[in-house]
Amino acid sequence: MKIRIEWTYTTPRGAETFFRSDEMPVAQALLMAEDIQKTGRVKHLDFIDQYDSSWMMKELKSYLKSIETEPHNVRVFFDGGFDIQTKMSGMGCVIYYEQNGKFYRLRSNAPSEHLISNNEAEYAALNMCLQELDILGVNHIPVTFIGDSQVVINQLSGEWSVIEPSLSGWADRIEAKMKKLGIDPTYELIPRKENSEADRLATQALNGIEILANSELL
């Protein structure tokens with residue numbers, strides 16, 4: 001969940017002005033708000049989430065405590081590759097998340113013989129990531145999905161229509177799975193060079209090297 005802070009600042013002579021911050025993670029918002037309040041010049045301070053709902057400071061602290069033992073601040077990188085010569089596909093998935101005050105990275109890949117295009121491989125890779133999120137116990141939180149496929153990112157974000165029958169089935173399956181898990185998705189399109197981890201995993205799957213590893217980041 002992302003939070004923005006809105007507050008009214010009052011000068012010693014009574015002049016007032018209104019400030020609004022950028023959105024930030026809950027823990028950072030609480031830290032910033034506590035520092036702002038130390039000025040002694042704050043008349044009103046509100047926490048607003050991405051749905052424009054208002055939170056009190058004690059509510060946000062309770063929220064942080066409740067999710068501490070569950071995966072949160074989840075970012076998912078996905079990539080799919082298709083070899084037109086062999087008709088084989090490779091899917092790569094990298095998931096970054098926090099849990100119990102620690103940072104983790106899960107890497108997973110898989111081959112497939114049943115896909116017909118690179119775009120379908122990209123969809124299949126994202127679907128595989130959802131399966132991994134389900135296993136991790138990720139549910140009812142916002143998740144950011146990051147990839148270099150304009151087709152998948154723009155179609156799932158609603159920017160483009162899904163016309164191809166081979167892709168519409170994947171889109172429906174993915175949206176149904178997200179709804180079941182209660183995931184609120186955000187999609188981010190990045191250049192291919194910034195998606196190297198997931199790309200490498202997809203390539204390794206094409207070469208018969210399967211990987212599944214979950215490790216703490218120090």
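Predicted model: local features only at pLDDT ≥ 70, side-chain atom pairs only at ≥ 80, totals over all residues.
## Asn-195 and its neighbours

Setting aside residues up to four places away in sequence, Asn-195 touches Phe-77, Phe-78, Asp-79, Ile-146, Gly-147, Asp-148 and Ile-190. You will find Asn-195 in the loop between strand S10 (184-189) and helix H6 (196-206).

Is Asn-195 buried or exposed? Its relative accessible area is 0%, and buried means under 20%, so Asn-195 is buried. The side chain of Asn-195 also has a polar atom 2.9 Å from the backbone oxygen of Phe-78.

Ile-146 counts as buried because its relative accessibility is 2%.

Which residues are in contact with Ile-146, leaving aside neighbours within four places in sequence? They are Arg-75, Val-76, Phe-77, Phe-78, Glu-188, Ile-190 and Asn-195. Now follow the chain to Leu-189: Ile-146 and Leu-189 are 43 residues apart in sequence, yet their C-alpha atoms are 6.0 Å apart in space.

## The nonpolar cores

The largest nonpolar core has 37 residues, and those touching the most other members are Val-74, Ile-95, Leu-133, Val-143, Phe-145 and Ile-183. Elements giving two or more residues to this core include strand S6 (72-83), strand S7 (88-99), S9 and helix H3 (118-136). H3 supplies the largest share, 10 residues.

Take a look at Ile-95: not counting residues up to four places away in sequence, the residues it touches include Val-74, Val-76, Leu-106, Cys-129 and Leu-133. Another core, of 16 residues, lies apart from the largest one, and Ile-5, Leu-30, Ala-33 and Ile-36 are among its members.

Technical notes. Residues numbered from 1 in each chain as written. Heavy atoms only, no water. Buried < 20%, exposed > 50% of the residue type's maximum accessible area, 1.4 Å probe, protein only. Contact = heavy atoms within 4.5 Å. Helix = DSSP H or I, 4+ residues; strand = E, 2+ residues; numbered from the N terminus. Polar contact = N/O pair within 3.5 Å; in protein donor to acceptor, adjacent residues only side chain to side chain. Core = buried A, V, L, I, M, F, W, Y, C linked by side-chain atoms within 4.5 Å.
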